[in-house]
Amino acid sequence: MDTTIRAQIMALADEKYRQFSASLIPNINNVVGVRLPELRKLARNIAKSDWRAYLAQADSDYFEEVMLQGMVIGSAKADVEEILHHVAAFVPKIDNWSVCDSFCSGLKIASSHQEQVWEFIQPYLESDQEYDIRFGVVMLLNYYIDEPYIHHVLERLDRIKHEGYYVKMAVAWAVSICFVKLPDITMDYLRSNSLDDFTYNKALQKITESYRVAPETKALIRSMKRK
């Protein structure tokens, strides 16, 4: 089955897009150059057939092959325990921000099983692996920035201490989304937190870049920058 999947991926490759895509993901060199909507279409087709057999033997040599597996897991229909079993098997394959963030945004099952998925992602937030933590953080910012969870989310973000660039950027991004959605609670957090200076200042920068934040609020946020 998987040789035909690889052939389909190769048939969809676009050299110009490969160069563009590869320039955005500096730490990998195995991009074929397939646009994400094309991969999503392929993933949906696989998810309608024997997706378990596909995942059991899927190749991971190319960026798109790994991306596709993540999309299939997100599209597959099964109970939450089985999906999380596949998620756990997939996370170690994540080695760049693009696969991580696309995978997380596709795991819609988290919306309907918030509590169970919350428990599932906790060990990733405690990991010492850069992309394990980024996976956990991006899951938080996609599915948990709401009234019941906001205090827990901020508390978890504050506890993350990892020097990885893609961890720091994910935490900054998450804090900025918290502010956009729940500004009062997040402002209290920004006034008293233990984020490192880089992550804290990046979070402020991302808040000021949001079109959903008023100009006078942006001015206040800029004044809070750590020198």
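Residues are numbered from 1 along each chain as its sequence is written, and because the model is predicted, local features need pLDDT of at least 70 and side-chain atom pairs count only at pLDDT 80 or more, whereas totals for chains, interfaces and linings use all residues. Side-chain values rest on heavy atoms, with hydrogens and water left out.

The domain assignment divides the protein into domain 1 (1-77) and domain 2 (107-226), with bounds of this kind coming from an automatic or database domain assignment. The C-alpha centres of domain 1 and domain 2 are 29 Å apart. The largest nonpolar core comprises 82 residues, and those with the most contacts inside it are Leu68, Val87 and Phe135; a nonpolar core is here a set of buried Ala, Val, Leu, Ile, Met, Phe, Trp, Tyr and Cys residues joined through side-chain atoms within 4.5 Å. Helix H12 (residues 165-181) supplies the largest share of this core, ten residues, where helices (H or I, at least four residues) are DSSP runs numbered from the N terminus. At least three residues of the core are drawn from each of domain 1 (1-77) and domain 2 (107-226). When neighbours within four places in sequence are left aside, Leu68 is in contact (heavy atoms within 4.5 Å) with Ile5, Ile9, Leu39, Leu42, Ala43, Ile46 and Tyr54.

Aromatic pairs were identified from the rings of Phe, Tyr and Trp (its six-membered ring), which pair if their centres lie within 6.5 Å, with planes under 30 degrees apart counted as stacked, over 60 as edge-to-face and the rest as tilted. By this rule the count comes to eleven aromatic pairs. In one of them, the ring centres of Phe90 and Phe103 are 4.3 Å apart and the planes stand at 45°, so the pair is tilted. This pair links distant parts of the chain, since Phe90 belongs to helix H6 (residues 80-90) and Phe103 to helix H7 (residues 97-106), 13 residues apart. Phe90 counts as buried at 2% relative accessibility, and Phe103 counts as buried at 3%; buried means under 20% relative accessible area, exposed over 50%, and partly exposed in between (1.4 Å probe, protein chains only). Tyr144 and Tyr149 form an edge-to-face pair, at 4.9 Å centre to centre and with 75° between the planes. Tyr144 is buried at 0% relative accessibility, and Tyr149 is buried at 11%. Ring pairs also link Phe90, Phe103, Phe120, Tyr124 and Phe135 into a cluster.

The side chain of Asn193 reaches the backbone nitrogen of Leu195 at 3.0 Å, and a polar contact of 2.9 Å joins the side chains of Asn193 and Arg226. A polar contact is a pair of N or O atoms within 3.5 Å, of which, within protein, one must be able to donate a hydrogen and the other to accept it, and residues adjacent in sequence count only if both atoms are side-chain atoms. Not counting residues up to four places away in sequence, Asn193 touches Asp158, Tyr200 and Arg226. Arg226 in turn lies over the face of Tyr200, at 3.9 Å from the ring centre; a charge sits over a ring if NZ of Lys or CZ of Arg is within 6 Å of the ring centre and within 35 degrees of the ring normal.

Elsewhere, Ile133 is found in helix H10 and is buried, with a relative accessible area of 2%. With residues up to four places away in sequence not counted, Ile133 touches Tyr124, Leu125, Ser127, Ile160, His162 and Val167. Leu55, placed in helix H4 (residues 51-57), is buried with a relative accessible area of 14%. The C-alpha atoms of Leu55 and His86 are 8.4 Å apart in space, although these residues are 31 residues apart in sequence, and His86 is among the residues that Leu55 touches, together with Gln69, Val72 and Ile73, when residues up to four places away are not counted. Pro123, in helix H9 (residues 114-125), counts as exposed at 51% relative accessibility.

Definitions and conventions. Helix = DSSP H or I, 4+ residues; strand = E, 2+ residues; numbered from the N terminus.
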